[in-house]
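User: Please walk me through some side-chain packing in this model. Keep it brisk.

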Amino acid sequence: SSHTSRAISRLVNPTGRTAFVHDTDTFSTDVEMHHVRYRTKISRDFQRYKDQNLWQELLLALPSEVWGAKWDVILVDSPNGCCSNTRLSETHTPGRFQSIYTAKRLARVGTII
């Protein structure tokens, strides 16, 4: 929720820039949020993205001010991960393919992911 995002931002980064990337349309005027659309599905894509030549298509569409920033820390906590009690072939959530790859590409020297 936006209240949780605001609290996290104030707690962990009270004087710096914090941006949230999320796949819901719940936006708050109190925190910087960017809406994304995940295109992956674990059951369909798990084997596909073992091929590193395809990773470029995983990049999330983010505005240039996000790509141009130097981020000290990138925390990946969305979308839902995978498979605590479900087989890969039956998991229909997006997984974190796109979030993790995009975090890797956003990172600069010294960024902690």
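User: Which residues does Asp45 touch, not counting residues up to four places away in sequence?

Analyst: The model is predicted: local features need pLDDT of at least 70, side-chain atom pairs count only at pLDDT 80 or more, and totals for chains, interfaces and linings use all residues. Residues are numbered from 1 along each chain as its sequence is written, and side-chain values use heavy atoms, without hydrogens and water. Contact means heavy atoms within 4.5 Å. By that rule, Asp45 touches Arg39, Thr40 and Phe97.

User: Is Asp45 buried or exposed?

Analyst: Buried means under 20% relative accessible area, exposed over 50%, partly exposed in between (1.4 Å probe, protein chains only). Asp45 has a relative accessible area of 4%, so Asp45 is buried.

User: How many aromatic pairs are there?

Analyst: Rings of Phe, Tyr and Trp (its six-membered ring) pair if their centres lie within 6.5 Å. Planes under 30 degrees apart count as stacked, over 60 as edge-to-face and the rest as tilted. The count of aromatic pairs is two.

User: What is the geometry of the pair of Tyr49 and Phe97?

Analyst: The centres of Tyr49 and Phe97 are 5.8 Å apart.

User: Why is the pair of Trp55 and Tyr101 edge-to-face?

Analyst: The ring centres of Trp55 and Tyr101 are 6.0 Å apart. Trp55 is partly exposed at 25% relative accessibility, whereas Tyr101 is buried at 11%. The pair is edge-to-face because the planes lie at 65 degrees.
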